[in-house]
Structures are given as structure tokens and as C-alpha cells.
Amino acid sequence: MYKVLEKKSLTPKAFIIEIEAPHLTKAGPGQFAVIQRTLESERIPLSILETTDKGAKFLVEVRGRSTLELEVRLNESREIAYVEGPAGVPFEVKNYGRVLLLSKNWGIAPIINVGRALSECGNKISAIHVGDTSENVYLINELESFSGSVRVFTEDGSVEEGNVQLAFRDYIDCAGKPDLVVCAGNNLDSSLVVDVCREEGISVVSMVNTYMLDTIGLCLVCRLLVNDEQKLACVDGPWFNGLEVNWDYLLARENLYEDEEKQALEKFLKQLEREKLRSRR
Amino acid sequence: MAKKIRYLDRNKEPMLEPSERVKGFREYALGFSVGLALDEANRCLFCKDADQRCIKGCPINVDIPGFIKKITEGDLVGAYKKLIETDIFPSICGRVCPQERQCEGSCILYYDTVRERKAKGLPVSIGALEKFVGDFIRVSGIEIEEEASPPTGKKVAVIGAGPSGLGCAYDLAKKGHEVHVYEALHKAGGVMRYGIPPARLDREIIDYEINRLERLGVKFFYGYVVGRTISLEELREKYDAVYISVGAGRGKLGLKGDHLKGVFSAIEVLTRVNLMEAYRFPEAPTPVDLGNKVAIIGGGFTAVDCAITSLRLGLETHVVYRRTRETSSARQEEWDHLMEEGAQIHWLTQPVEVLGNEKGEVLGLKCIKMELGEPDESGRPRPVPVPGSEHVIECDSVIFAIGQQANPIAYQGLLEITKWGTVKVNDRYETSMEGVFAGGDAINGGDTVVRSLAHGREAAKFIDEYLKTKKWSFTGGS
């Protein structure tokens, strides 16, 4: 059992947990971990927000049954049965020059993790974060702590209205082309960013989002095409040269389990309602 | 009076009815009762030259007449002790070994391996007897003392908790070494846990065997992906020796149309269902979605396990194999079971393309019929396409069960490898890095549970020697 040392709510949709896990303390920038609250729980891949003396911190955005289960059950018991990691290949940190970080929703966690390392390595950092709503806007202070400029938008206009692609275009118009773009959080947004990068001749490294299962290179559910070659997000990624990624392939596989996810969430919500009823009696 | 040779009255293991089997994932082979086991044990002739027969046929060289004799004497504890001298997991091997090609295939009642000719009978049901003894001890509550030698102060890391790693850990622990097993997944057992369906191997058995290892002092660390969490070099520094038993479980695709959404590796489907218990979805949180009709490509154990799984998920199940039943590496009786359960097996059928629509959904599997031609390099008749025999098997999903590839992340760039990506070792299981040994599928790329177990135990012997002498003889080359 791993202890959850801290659980801090950021918005109704997002919270941070620090897990005591000595094997994560030396994780490199941009790596991730897989957690299961119980041995029966779904395996959830989570980007590492930062490593600590005792383990690592994670941002969890409540998106479906398993993340909601974490949110609810961790209030009852601060324990996690399984933590695998650090997984994935660390982000290649070196001096690129001017770096623009683009994050969508929870993508800000890996972006902060990578951005901080890039900043320490002498890169000049600017950042843009876009949330679906203001509930997906968090950790902006952390982002500001190492970025020269940070702009924040939401798609619903609750903060300044904007989307990733427009914000990126706007940035280029005002500040000129960065030497490197790093983006994370949403495949569709990343693919649009990559389109702009291709037009403008800008290097881009993107985190890809895929389903993951064993995360040790066996099951192939996280497969994608990079330069027409099969790669695995779990052991070869999650960071790839955005220009080489076949985004259509990724996007097509994005909703493999959409129906099941809905069903599982509904079932769990019902269960929570029943528990409430019981406690009222 | 001379003992009458009972050639043909082999006892059958009781089975669930096919209609009952497909309803769920509980074990369908129910095992011998005491009476059946005693009667079957009495069929054994206790050949004096058994080391040329059944014992030789067994990859791990179990003293088969020895343990069967104990059964006939009513000494099941003695039979168990005799078994675990060589086969530490009798309940598992009794279930998953292809006995017809090993011990039972060399039983004198069935085939005279010394004179190399067919005999007139049916072999002793060695697998079922082995399973009986293991199961009997497990459910009886009798605790068999398995004592370890006094601590040697040496530490060994085992990478991967599959059959090979567990076998190695067991022997090293018994020899008094401190053994730490690093496992990436959240439960131990490797392919026995994520691959073989519970219908063939109840998960309680694996738990019981892991518990035996823990009682011997073996420590398990879950969530460690060697090569990511910790490097091989770090392990090498922290331990006196390392055993790599990471298997070769990376799935393999490779057909036009394999980008479609309904295309799965066998490993993914098996892991979802057998490890994550997707058959209980949504009670269990991990789903699996194969649609209503599934086509499984392959003719080995993995294909059989996929078919067992999809039948129990209630799906119309097709198995497509380009060779014949006789050349399949799976157990013959498994094919019978599958057909009884309603699977449609397409022998001599080569898949050529997965057909799909613009949404990326699978519509069917385009195949061509094959016929047998001249023998190929493996000695098996080469299947050749029958012109004009293209046809489509309609399905919603396609599972590739066509073998696995090496998974090199633990040793990539650090060890000499073969052209198949597996670890290169000498006959002492030594790798190109001193103090690092390897065995199981990590060196042979895809074999049986029992072969991996055998590797683990043999390697343990050489590791023990190395810990004592520090002699290293790997020279590379061949």
C-alpha cells in the first residue's frame, strides 16, 4: 500500500495528490506513472506533476468513473494499492532557445513538469493554457514561476475566450516564431498546433493521448504511427516529434471505449447515490 | 499373478457440459476424484526405464512413476513431495502443459519411445494425476514444510514474476539466498495471470503458489518496470546476481487493415478479460468491446485462450489458422472443447486483409483457402493458396494471436541480443553482462509455461554456482 500524503482540491473538477512512492522520486521530466487505487481498480496513467522527497505529485482531472472514484474514495482512505513508474521516456531536456508551452486542461501537469526542466536548462519560456471551462484552469502560479509570459483562455469564455490554435497563432503574430513548441492535453488541439507548426516551419514535441493497459509494451492498445512506423505511447512515448505523428490514426482510436466509459460512470454515480441514501437513514 | 496391462481403460477427467462451460469463467475440467485418481494411478506400469520414456518427455524431468507409485500407496503427501522435487507447481503444470506431446506422448502404453513405435493403448493420464496431487494438498490444508537453507547473505534480483522468474526465485530462496522479484504488473504470475483464462487455471492456484514463495522469504516488488523504474545496471550494482525473466509478451499484428479500431492483439484482449476481469464490466471498471462476432487469427495456445475467452463473453467465435489441426501447437483436446462450445474453426485458411469502413470499424476478415504442399524448412507441409478461394468471414473484431515478440525494455542496449531481439545466453544462462542471467521466453521467444519453469530452475543452479565461485564463462559469439 502506498500512502497518499496530500490531497488538495483545485477546482470541483481537479485535485492534486502526493503519493509516497520511493521509486518515483527520480522520475525524469515528462514521465508518467500508473496507479490503481485497489488491485481491482482500473489502471490509470497519470503524468507526473513534480517529484518530491518521498514520491511524486499528480494532477487528477475528474473525467470518468475511475478518476471520480479516486476523488471520492481517497477522502475515505488515503491509500493506493499500486503505483507503477516512472514510465515512458523522459522529455529530451536541452537548450532549445525560445520555447512555447501549450497546454489543454490536465495537460498543464506534464507541461509544468517539462517546462520547469527546460527553464532550468536556460530556455526562455512562454506559456499558454486553455481550459474547456474555468474549472479546467489551475496551477497557473506554478506555470508563471518559470515562464516569462503566461496567457490563459477558456473555450466557453468564462476566462478570456480562446482556443489553443487561435492562441498559438496570436502568439506568433505578437512575439514571433518560437524555436520549439511543446504541447499536451488533447490530441485534436495538438494536431491543429502541429498543422500550424508545419506551415510555419516550427519544431514541435507533443504528448500523445492513448488508451493504456499494461503500459509495459505488451498489449499494443497505445499504438500509434510515427513516420509510418508503429510506436507505443507507453514505452516509446509519450512525447513524439509532432510533425511525424499520424494524428488521424490517433484521433480515430480515441473513442474506442466511449460507450463503456459512459456506462461505467453512470453505474458508479448511481452507486454513490445509493450510498448517500444509506447514510441518510 | 502378473499384472494385467490396462491399455485402453484410461479414466477421463470429469468436465462441465459445453452449455455450462460457456456461461462463465469457472474451471471446466473438474479433476479426478480420489477414486478415479487411485484407479488411474494403478494403470501405470512403473517402467524401470522411465527415464527413457515419460521422464524424458517431461521438460522438467518429473519422476513420474515415483509420484504415481506414492498415489497407489495412498501417500499423497509423499506424492506431492516427490513432484515438487522437480515440478514446484504441480497444480499449474497439470493444467497447462501439453502432456500429449510430452510425458503422456511418451507413455509406454501409447508409444514405445525406446523402440520408436506406436503401442496399442492410451497413455496414463499423467497430467490429471499431477493436478490431482497438487489440488489435493492445496485444499486439504496440509502445510508442507519447505525449508530454506541458512541465509548465505547473497542477494539476487529476479526481473519478472512469470513461470521462469518464480521457478528461479523458489530455488534460490531454498538455497538460502535473499530473493527480490521485480514485477511490472500489480499481480504475480506473468502469462499465467494475464494470459491463461481462469477457465483453464483458477486464479486461487496462482495466489497459493505465490504465497508459498513468500513463505520461503521471497519478496515481491510490484509496479517496477526494469528499464524505466530502475535500470539493469542499478540492479546489478545492488545485487550479487540478476535473473532476467521478462518473457516475450509483446503482441504482434501485421496484416493489411490492422490499423482498424476493432483489431486487437491477443495480449490486450486476454489482459483485459483475465487480469482486469472485464467480463464483470461494469462491476469491474475495465471494459472490453469485441462486438458480437470475433475472428481470431492463429492456431496455438494463445489462439485457443482467446477463443475460450470470447466464447465465454457470449460471442460468435471464429478461429482462422493457415495450417491444419495436426500441426497446431495447442492441445488436441482443446480444439474439441472449443468446437463443442460452438467455435467455428477454419483450418487451412489464410487471412489476407481486415476489411473495414470509413469509421474505422471492422466489417470482416478476408481469407483465402490453403492446401498442403511440399514440406517447408520446419518439416511441416507448406500451406499454399488455392486460387480463387477468397472469401470473407464477417466479424466485428479481429484478434491477432500469431505469436509474440521480445519485449526488450529491460535490457535494450545493455546486453547482446539475438536477431529475434531475445537475450543471448550461453548454456549456463549467462548473458553478456557478468552476474546477469536470463531464461524463459526472454531467451527462447515463446514457449510453454513448463519450459520457462525449467529454465528458471536450471538457471538458479548456475546462479548459485556463480555466487559461490564468481566464475563467468560467457564469451559471446554463437
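How are H4(B) and H7(B) oriented to each other? Let me set out the conventions before answering. This is a predicted model, in which local features need pLDDT of at least 70 and side-chain atom pairs count only at pLDDT 80 or more, while totals for chains, interfaces and linings use all residues. Residues are numbered from 1 along each chain as its sequence is written, chains are lettered from A and ligands numbered from 1 in the order in which they are written, and side-chain values use heavy atoms, with hydrogens and water left out.

I turn to the opening question. In chain B, the axes of helix H4 (residues 64-72) and helix H7 (residues 126-140) cross at roughly 60 degrees and come within 11 Å. H4(B) and H7(B) are therefore oblique to each other; angles under 35 degrees count as roughly parallel, over 145 as roughly antiparallel, 65 to 115 as roughly perpendicular and the rest as oblique. On the H4(B) side, the contact (heavy atoms within 4.5 Å) is made by Ile64(B), Phe67(B), Ile68(B) and Ile71(B), and on the H7(B) side by Ile126(B), Leu129(B), Glu130(B) and Val133(B). Sorted by class, the contact of H4(B) with H7(B) has seven nonpolar residues, no polar residues and one charged residue.

Helix H4 (residues 164-175) and helix H5 (residues 187-200) of chain A pack at an angle of about 30 degrees, and their axes are 9 Å apart. That angle makes H4(A) roughly parallel to H5(A). The residues of H4(A) that meet H5(A) include Phe168(A) and Ile172(A), and among their counterparts in H5(A) are Leu192(A) and Val196(A). By class, seven nonpolar, one polar and four charged residues form the contact of H4(A) with H5(A).

His318(B) is located in strand S9 (residues 316-320) of chain B. Is His318(B) buried or exposed? His318(B) counts as buried because its relative accessibility is 5%. Beyond residues up to four places away in sequence, His318(B) touches Val294(B), Ala295(B), Ile296(B), Gln344(B), His346(B) and Ile393(B).

Note on methods: Axes are lines fitted to C-alpha atoms, for helices over the stretch in contact, and angles run from 0 to 180 degrees between N-to-C directions. Helices (H or I, at least four residues) and strands (E, at least two) are DSSP runs, numbered from the N terminus. Ala, Val, Leu, Ile, Met, Phe, Trp, Tyr, Cys and Pro count as nonpolar, Asp, Glu, Lys and Arg as charged, and the others, Gly among them, as polar. Buried means under 20% relative accessible area, exposed over 50%, partly exposed in between (1.4 Å probe, protein chains only).
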